[in-house]
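The report below goes through a structure by topic, with the cut-off for each term given where the term comes up. Please keep the sequence and the model in view while reading.

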Amino acid sequence: MKPIIIIGSGLAGYGVARELRKLDKLMPLLIVTRDHGDAYYKPALSAALSQDKSPEDLITANVNKAAQDFNATILYQTTVRNIDTALKLVVTDKGSFEYQSLVLALGAEVIRLKLEGDGADDVISVNDLWDYKRFREALLGAERIAILGSGLIGCEFASDLIGKGFKADVIGMTEQPLMPLIPAAAGEVLNKRFSEKGVSWHLERKVTSVMRSTSTSEKALNVILDNGDVINADIVLSAVGLRARTTLAAEAGITVNRGIVVDDYLRTSAENVYALGDCIEINGQTLPYVLPIMHASRVIAKTLAGQPTPVVFPPMPVTIKTQGYPILVLPAPMGVAGEWKLLEDDNGLKMGFVDQENKLLGFVLTEGQITQQAAMVAQLGHSLE
Ligand code: FAD
């Protein structure tokens, strides 16, 4: 019997394997991953430092344990070169494998800014455990870290770094951090709180180049901004965003847009090929978060086990790991016109994103207002008074 093949060993790939094994213990399963295949919880990467956790502490099961747990063959450090959907064949750098069903759990890759300067290649980014190991090694002896990007990942790394006594310079193009995920009013409070703890913000600014320092009295790199300001830092960490990995699917003739396009059953345009996680686009949205992956894993597993099941995503708020200023956000749907309204500003902020008919479509809650989560979820889709 040909196996089910899963490409990817992140939360999405291993999520499907785990859920499938709850339903079917024996179906042959082959997991192909280009990384080392150890299981870890990716959101922990931007909170581990201040919790004194090493990269190794974040591994929940090494690749051998994962293979045992999932009763699967795991081909790690193995790159899929192409997929032949007519022959139902996955071609890797270690051989070709036929599948009965294929699951694409390819994740997303970091966007790299095109920067000038001899230090541009020294800019690092963290999108998996192995990047993170290199980042932690680079931090030894460092004091000041410049972070390119003031979105979720940039702010979480800034939070973690200042929590451990480092200085962070955060450069972002928006008026306030975390925009447009959260409104300016909430970003402004985060801005103030983090400024008090050692973050220097450089907002509404672009980085033009990164130069290696020529002076031994300076830190290794100089980040040059579009207004001529220079930030001298030991490390430059880029966190400007992720782009769904679509090339493999596109080259196989599978429909892609901003992500690999899937329907409500997580089916791609190719027969018996499913996709989930950071690599997909569903109903015009990318959902690069953990909760959608958990829901999608369950329904793909059911479908693979013979009970085709559509995915129904409930409202899935995201906790932003900004220490000292906790934020919970239900992002507004992409591409929908609307505005943020302040609903309460006592004991934290409560803000709602409403469409042109004043219907609540998203929200942000900070600090003490986070207890209002259930009430806000209940109000979704209804008009605000
Ligand atoms: P990945 O984990 O990227 O896995 C992709 C897999 O595909 C990898 O195993 C890779 O080796 C494999 N692969 C890719 N191409 C090939 C190929 N050609 N051949 C073989 N294998 C291949 N989300 C939240 O909900 N809450 C949070 O607090 C949160 N914090 C985060 C903090 C950080 C620092 C980051 C980076 C993300 C965070 N996220 C958070 C997002 C969340 O972690 C991701 O949505 C999730 O981990 C994505 O899982 P994935 O399996 O889709 O992708």
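## Aromatic pairs

Tyr132, Phe135 and Phe157 are linked into a cluster by ring pairs, where rings of Phe, Tyr and Trp (its six-membered ring) pair if their centres lie within 6.5 Å, with planes under 30 degrees apart counted as stacked, over 60 as edge-to-face and the rest as tilted. The model is predicted, so that local features need pLDDT of at least 70 and side-chain atom pairs count only at pLDDT 80 or more, while totals for chains, interfaces and linings use all residues. Residues are numbered from 1 along each chain as its sequence is written, and side-chain values use heavy atoms, with hydrogens and water left out.

A search of the whole structure finds six aromatic pairs. One of them joins Tyr40 and Trp130 edge-to-face, with 5.6 Å from centre to centre and 85° between the planes. Because Tyr40 lies in strand S3 (residues 39-40) and Trp130 in helix H3 (residues 129-139), this pair ties together parts that are 90 residues apart in sequence; helices (H or I, at least four residues) and strands (E, at least two) are DSSP runs, numbered from the N terminus. Tyr40 is buried at a relative accessible area of 11%, and Trp130 also counts as buried, at 9%, where buried means under 20% relative accessible area, exposed over 50% and partly exposed in between (1.4 Å probe, protein chains only).

Tyr132 and Phe135 form a tilted pair, 6.2 Å from centre to centre and with 45° between the planes. These two residues are three apart in helix H3, and are therefore separated by about one helical turn; both Tyr132 and Phe135 are buried.

## The parallel sheet and its helices

Five strands make up an open sheet with parallel pairing, in the order S5-S2-S1-S9-S20, two strands being paired if DSSP finds at least two bridges between them. Strand S5 (73-75) and strand S20 (273-275) are the edge strands, each pairing on one side only. From one strand to the next the twist averages 20°, with axes being lines fitted to C-alpha atoms, for helices over the stretch in contact, and angles running from 0 to 180 degrees between N-to-C directions. Strand S2 (residues 29-32) runs parallel to S5 and is joined to S5 by three bridges, and within this pairing Leu30 stands opposite Thr73 in S5.

Helix H1 (residues 11-23) packs on the sheet, where H1 touches strand S1 (4-7), S2, S5 and strand S9 (101-104), and the direction of H1 makes about 170° with that of S2; contact means heavy atoms within 4.5 Å. Helix H7 (residues 290-304) likewise packs on the sheet, touching S1, S9 and S20, and its direction makes about 165° with that of S20.

## Salt bridges

The structure holds 18 salt bridges, each defined as a side-chain nitrogen of Lys or Arg within 4 Å of a carboxyl oxygen of Asp or Glu. Among them is the bridge between Glu98 and Lys2, whose closest N and O atoms are 3.6 Å apart. This pair links distant parts of the chain, with Glu98 in strand S8 (residues 95-98) and Lys2 in the segment before S1, 96 residues apart. Glu98 is partly exposed at 41% relative accessibility, and Lys2 is partly exposed at 42%.

Lys164 and Asp52 also meet through their side chains in a salt bridge, at 2.5 Å from N to O. Lys164 lies in the loop between helix H4 (152-163) and strand S12 (167-172), and Asp52 in the loop between S3 and strand S4 (59-61), so the pair ties together parts that are 112 residues apart in sequence. Lys164 counts as partly exposed at 39% relative accessibility, whereas Asp52, at 53%, counts as exposed.

## The chain as a whole

The secondary structure of the chain comes to eight helices and 26 strands. The radius of gyration of the chain is 22 Å, close to the 21 Å that the globule rule gives for 385 residues, so the chain is as compact as a globular protein of that length; the radius is taken over C-alpha atoms, and the rule is 2.2 Å times the number of residues to the power 0.38. Along the principal axes, the C-alpha atoms fill a box of roughly 60 × 60 × 35 Å. Of the 385 residues, 49% count as buried.
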